There are 2 protein chains.
Amino acid sequence: MEQALKPADRLLHALADNRIAIEAVTPEIDGGRFPAKAAVGEVVVVEADIFSDGHDLIDAALLTRRKGDKAWSETPMRLYENDRWRASFVPVENTTYEYTVIAWRDLFRSWRSDVSKKKNAGQDVTSELKEGLHILKKALSESDRLDPERRARLQRVTEDIARLADPAQQFSVLMGEDLLGLMTAGGPRSNLSYYLRLLDLFVDRKRAAFSSWYELMPRSQSGDPARHGTFDDVIAQLPYVRDLGFDVLYFPPIHPIGKTNRKGRNNSLTARADDPGSPYAIGSEEGGHKAIHPELGTFEDFHRLVKAAAEHGLEIALDFAIQCSPDHPWIKEHPEWFDWRPDGTIRFAENPPKKYEDIVNVHFYRDAIPGLWHELRDTVLFWVEHGVKIFRVDNPHTKPLPFWEWMIAEVRRRHPDTIFLAEAFTRPKMMKRLAKVGFTQSYSYFTWRNNKAELTEYLTELTTEECRHFMRVNFFTNTPDINPFYLQNSGRAGFQVRLFLAATLATNYGIYSGYELCEAAAMPGKEEYLDSEKYEIRAWDWDRPGHIKDDVRRLNAWRRAHPALQQFTNLKFYNAYNDNILYYGKYTDDLSDFLLFAVNLDPLNAQGAQFEVPLWEFGLPDDAPIMAEDLVVDRRFTWQGKMQRVWLNPSERTYAAWRLISPQERLT
Amino acid sequence: MEQALKPADRLLHALADNRIAIEAVTPEIDGGRFPAKAAVGEVVVVEADIFSDGHDLIDAALLTRRKGDKAWSETPMRLYENDRWRASFVPVENTTYEYTVIAWRDLFRSWRSDVSKKKNAGQDVTSELKEGLHILKKALSESDRLDPERRARLQRVTEDIARLADPAQQFSVLMGEDLLGLMTAGGPRSNLSYYLRLLDLFVDRKRAAFSSWYELMPRSQSGDPARHGTFDDVIAQLPYVRDLGFDVLYFPPIHPIGKTNRKGRNNSLTARADDPGSPYAIGSEEGGHKAIHPELGTFEDFHRLVKAAAEHGLEIALDFAIQCSPDHPWIKEHPEWFDWRPDGTIRFAENPPKKYEDIVNVHFYRDAIPGLWHELRDTVLFWVEHGVKIFRVDNPHTKPLPFWEWMIAEVRRRHPDTIFLAEAFTRPKMMKRLAKVGFTQSYSYFTWRNNKAELTEYLTELTTEECRHFMRVNFFTNTPDINPFYLQNSGRAGFQVRLFLAATLATNYGIYSGYELCEAAAMPGKEEYLDSEKYEIRAWDWDRPGHIKDDVRRLNAWRRAHPALQQFTNLKFYNAYNDNILYYGKYTDDLSDFLLFAVNLDPLNAQGAQFEVPLWEFGLPDDAPIMAEDLVVDRRFTWQGKMQRVWLNPSERTYAAWRLISPQERLT
């Protein structure tokens with residue numbers, strides 16, 4: 001029949017397909033231009049508006065598969081409001097998946113619903129029974145979805161009905177639940193319609209979505225400011241980091257450091273002979289991005305460190321910073337990768353009128369394609385071969401977006417478990433675009449969101465707006481570049497507050513070494529550290545008084561123990577009637593892990609508040625009792641009713657955390 | 001050079017293109033799946049998020065052309081907030097346009113900005129001047145955007161600068177506005193990037209976006225309920241309709257009416273011998289959708305009517321209702337277009353348990369493709385050839401969406417000036433989808449939006465949300481099917497209120513004959529007319545006491561005279577401190593036509609309110625005086641300050657309308 005059609009009629013048949021409208025699919029990033037993201041084991045929810053002409057009942061399904069596979073897995077979608085349908089699935093492999101949506105008219109269910117209405121209205125349905133039988137016969141002859149066992153059952157039922165003389169008996173069999181199940185599972189799909197877009201979902205390994213970072217400067221790990229730290233010194237420090245509960249250990253660049261225009265202490269323009277220079281001035285006659293700074297050790301030492309870290313449950317993350325010192329070997333070997341001025345000099349990095357004399361930037365276009373692009377990709381692959389799968393990328397927003405899209409895809413094609421963290425602090429749309437083109441994690445504005453309104457607004461955006469499908473923030477409390485004003489003026493309590501926020505609001509978070517010691521000494525008037533490790537070797541007393549290592553251990557332990565803290569978009573803000581107290585919950589879908597957090601954002605004064613225990617989430621009335629567990633002191637108690645009070649004193653502890661115990665759990 | 005590249009490198013070059021991110025283009029309907037809409041002469045605003053890596057300045061342009069043309073027209077885009085750019089253009093032809101966005105790095109402007117910052121910081125810019133000269137030379141050698149005159153000027157300036165010995169003089173020429181203009185107009189576009197999607201814009205003729213409809217039943221125009229009205233009776237009525245100020249005259253179906261199961265008066269199941277039947281029961285032995293009901297007249301009469309209407313400034317709109325009476329010739333000629341039951345009977349239209357015994361629906365699939373689809377398209381084309389370009393489509397949401405998309409495209413390919421009004425009162429997403437697939441105008445929920453909150457919310461959605469790009473509502477106050485409860489209980493004032501709302505809130509609006517007479521007699525408890533013209537011939541006294549023809553004339557005159565009333569999305573709600581008084585403004589971009597409207601939604605009681613005169617829209621302080629014109633009494637006066645009072649008494653007039661006169665206009 002199809003063969004006999006004229007071309008114009010074939011076109012019309014093709015246009016007539018897809019009778020069911022399928023639109024507004026989520027996630028769908030920029031019309032399918034970019035993949036959405038998920039992690040292995042995460043529940044991925046797909047929604048769509050689905051509707052058709054007329055009154056017939058429709059049904060829909062989500063199709064998913066690993067990209068490259070032939071067979072689709074099918075998950076039924078369910079209508080949940082105003083023509084909006086929803087299904088979820090759990091990807092199990094660290095690779096790219098694809099998904100789309102199908103829908104069809106369900107003739108049998110439509111018939112069943114109509115007949116039932118007519119019967120209830122007292123109308124004669126004799127003719128309708130014949131139609132029902134007709135649909136069953138059609139299913140037997142047309143459907144390719146009936147397995148032999150179901151086909152046999154359907155055949156039997158159909159024959160039984162045909163044999164029955166009594167319309168009432170026919171009606172009763174035709175309306176049976178068993179037959180409905182058979183027809184839903186195997187009946188024909190009338191006007192089967194496709195969304196006509198295959199959408200990509202990049203599924204990362206779990207650490208992409210849940211990680212706790214600790215950043216340190218390897219050269220400061222000798223315990224002696226006069227001696228350059230080595231990889232072996234870092235190995236000695238591993239038990240300390242692991243004891244704090246982290247799982248990613250991240251180093252700023254470990255490559256040879258340039259000497260030309262080397263920066264001195266506190267970012268001064270002239271270095272003394274013994275100043276080590278900034279590790280971000282990468283490259284010297286000793287090598288570039290594929291070399292190790294000799295004072296840190298050898299590749300052998302590095303391999304030993306990677307292995308020892310793994311034995312401590314720690315994964316090493318390296319910095320990928322593309323700029324070069326003026327001594328970088330590339331400059332001589334590949335002058336075509338740089339921007340030369342008409343006067344024959346090379347252009348230093350600058351953001352006029354600011355100048356960065358110790359580094360030059362590569363030029364990504366003109367004759368730098370393909371050489372530079374290949375070299376940069378190969379640099380990342382080089383470190384992957386040396387055991388590193390996590391890269392914190394320096395200032396990606398000052399390098400071309402197409403480069404990142406290409407490079408990350410190239411690396412992940414070979415090593416899908418590679419993680420890239422974008423260190424971009426720039427305008428919102430650029431930060432989101434970097435996440436879209438492939439960055440696994442993203443630094444965020446968290447560092448500058450201090451008060452209740454700011455935090456609520458920002459976290460609501462991150463957890464509910466479209467970016468939740470592709471951007472995973474990593475909340476760093478501080479970095480070698482950012483000594484936040486809030487911490488400079490808050491004392492120990494402020495460090496507890498910001499740690500608590502980062503570790504409970506975000507699934508990915510990090511601290512930069514010294515944070516646990518409440519290090520806050522700043523360059524006056526700037527958000528920069530005094531005597532920064534970026535320009536000199538420091539030694540630290542890891543037990544110095546006033547530290548908050550207990551808090552760090554506690555929060556990391558909670559994060560490991562509680563599934564609710566391993567999801568990002570499950571955040572809900574609740575009412576606490578004091579603008580200094582931020583109060584929120586995170587819980588798993590089944591309510592089995594229901595956590596509540598309260599934190600006093602005012603590091604200087606005790607604050608109290610009435611707050612609402614969200615009894616309604618358990619379907620309980622406002623005056624019900626509920627058992628709770630204080631996570632800090634590991635004690636159970638009962639709250640009677642919705643309104644409760646909390647008092648948070650910075651001189652004691654600035655935060656509280658509870659787990660609500662559902663009445664069901666209590667009974668078991 | 002390009003030729004010499006290896007395939008892999010060519011791919012990399014291609015990937016490296018489009019360095020500038022261009023995203024979130026509006027309008028863009030469903031990722032470009034559907035066209036946006038505009039009308040000839042309307043300002044079309046296109047926006048996009050545009051940004052790039054690094055600090056260089058970028059620039060962008062909107063490209064537009066008639067689909068099929070080769071050359072693009074280019075309109076500069078302007079940054080207006082947070083990486084969001086905007087441009088507008090005015091399409092001049094009733095056809096499909098396409099548009100996209102390009103962006104590039106502006107090397108010269110970037111250089112100019114950097115040098116200026118360095119100079120201001122007291123830095124030496126000697127080397128930068130050389131770079132500037134270099135950019136000019138590059139422009140001369142590379143740019144294909146310089147016309148001969150500009151090239152000559154640039155050549156002259158470049159040579160002048162090279163000759164100048166004094167860096168200060170060089171600086172001054174290089175920074176000159178004249179050179180900037182030259183380089184902006186003709187300089188090279190570095191990293192020229194494309195959005196990579198061509199988006200469609202269907203440009204309708206003006207009436208698609210601005211029309212005033214009057215609906216009447218031709219058979220009720222004889223003035224005698226015992227005599228079937230004719231097209232000649234309608235011709236006699238044309239001066240009346242034109243005097244009211246309408247420009248579209250719309251008839252329910254004019255085709256032969258079936259006799260089988262014909263409905264009697266007031267929708268009764270049995271018709272008396274002289275009952276004319278519902279015009280929606282289309283088709284008898286006298287013909288179907290391409291025939292005229294003999295009692296109305298002949299094709300010759302119809303042609304005379306179309307011509308006479310045009311002479312009165314009125315355009316005829318016909319109904320396109322696909323259902324058939326059981327007597328329709330198609331049933332015998334094309335049984336494959338209908339749904340036959342196993343018992344050999346044809347299925348009547350039904351929405352169980354409701355039945356519509358006088359009509360049957362066609363079946364659009366199976367063997368009805370292509371025959372039925374072609375016949376329906378050809379039916380529309382048939383009436384187009386008989387002078388009709390506007391079709392009100394009955395219940396499109398019960399026919400397949402792909403059919404509409406195909407049929408409307410087929411008709412508009414031949415006659416782009418055809419207008420289709422979708423008579424769908426159904427769920428929101430279906431109503432929007434019908435607009436997306438091609439309907440020119442759409443009936444709306446206006447008929448059931450009565451109070452201030454409802455009207456504000458609904459109009460805000462329509463004028464600000466995405467649907468504004470593709471859905472043009474037509475606010476009918478009433479239809480033969482809808483005698484709204486509000487009007488049944490409101491008296492004459494209610495008719496004024498709803499007329500005023502429809503005519504000032506929407507650019508497309510309509511009334512069904514009798515509205516101007518305040519006809520409200522209803523079937524008890526239903527939103528249906530008593531003794532409906534759908535089932536019997538009526539005669540009307542067009543001057544019967546209590547009519548509101550003066551209001552109709554006035555509102556239609558305002559609509560013709562005021563450009564602000566010919567735009568839809570320029571609506572703004574302002575504050576009037578009484579929930580019974582809806583108060584809003586509409587104005588042209590240049591403020592030359594600034595209208596304010598206040599209406600008392602309570603038809604039974606006088607209401608007063610303080611309201612805010614939007615002085616701020618003119619940049620005036622809250623206590624400034626402003627001259628205004630009362631549109632009803634055509635009188636000028638001065639308001640002193642922002643807060644004013646209005647009093648609207650249903651027994652006098654329920655509405656007020658003013659034009660604010662900008663201080664500029666007053667001076668001229």
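So, a salt bridge here is a side-chain nitrogen of Lys or Arg within 4 Å of a carboxyl oxygen of Asp or Glu. With that in hand, here's a pair to start on: the side chains of A:Arg366 and A:Asp339 meet in a salt bridge, 3.2 Å from N to O. A:Arg366 lies in the loop between β15 (354-360) and α10 (371-385) of chain A, and A:Asp339 in the loop between α9 (329-333) and β14 (348-351), so the pair ties together parts that are 27 residues apart in sequence. Helices (H or I, at least four residues) and strands (E, at least two) are DSSP runs, by the way, numbered from the N terminus.

Quick housekeeping. This is a predicted model, where local features need pLDDT of at least 70, side-chain atom pairs count only at pLDDT 80 or more, and totals for chains, interfaces and linings use all residues. Residues are numbered from 1 along each chain as its sequence is written, chains are lettered from A and ligands numbered from 1 in the order in which they are written, and side-chain values use heavy atoms, with hydrogens and water left out.

Back to our pair. A:Asp339 counts as partly exposed, at 24% relative accessibility. For that scale, buried means under 20% relative accessible area, exposed means over 50%, and partly exposed is in between, with a 1.4 Å probe and protein chains only.

Next one: A:Arg377 and A:Glu410, with side chains meeting at 2.4 Å, N to O. This pair links helix α10, which holds A:Arg377, to helix α11 (residues 401-414), which holds A:Glu410, 33 residues apart. A:Arg377 is buried at 12%, and A:Glu410 is buried at 13%.

Then there's A:Glu315 with A:Arg207, where the closest N and O atoms are 2.7 Å apart. A:Glu315 sits in strand β13 (residues 315-320) and A:Arg207 in the loop between β10 (199-204) and β11 (211-215), 108 residues apart. Here A:Glu315 is buried at 14%, while A:Arg207 is partly exposed at 23%. Over all chains, the whole structure has 128 salt bridges.

Now, how do chain A and chain B relate? A rotation of 180 degrees, with 0.0 Å of shift along its axis, superposes chain A on chain B with an RMSD of 0.1 Å. That's the relation of a two-fold axis. In chain A, the residue that comes closest to the axis is A:Gly31, at 2.4 Å for its C-alpha.

On to the interface. Counting contact as heavy atoms within 4.5 Å, chain A brings 61 residues and chain B brings 61 residues. And 100% of the interface residues of chain A are also interface residues in chain B, so the copies meet through the same surface.

About 5,500 Å² is buried between them, 55% of it from carbon and sulfur atoms. In chain A, A:Leu12, A:Pro352 and A:Lys429 lose the most area to chain B, together 12% of what that side buries. Buried area is the accessible area (1.4 Å probe) that two parts lose on being put together, summed over both.

How many salt bridges are there between chain A and chain B? The count is 16. One of the pairs is A:Arg341 with B:Glu131, at 3.1 Å, N to O. There's also a network of salt bridges linking A:Lys118, A:Glu128, A:Glu131, B:Asp339, B:Arg341, B:Arg347, B:Glu350 and B:Arg366. That's me done.

Note on methods:
Least-squares fit on C-alpha atoms with pLDDT ≥ 70 in both.
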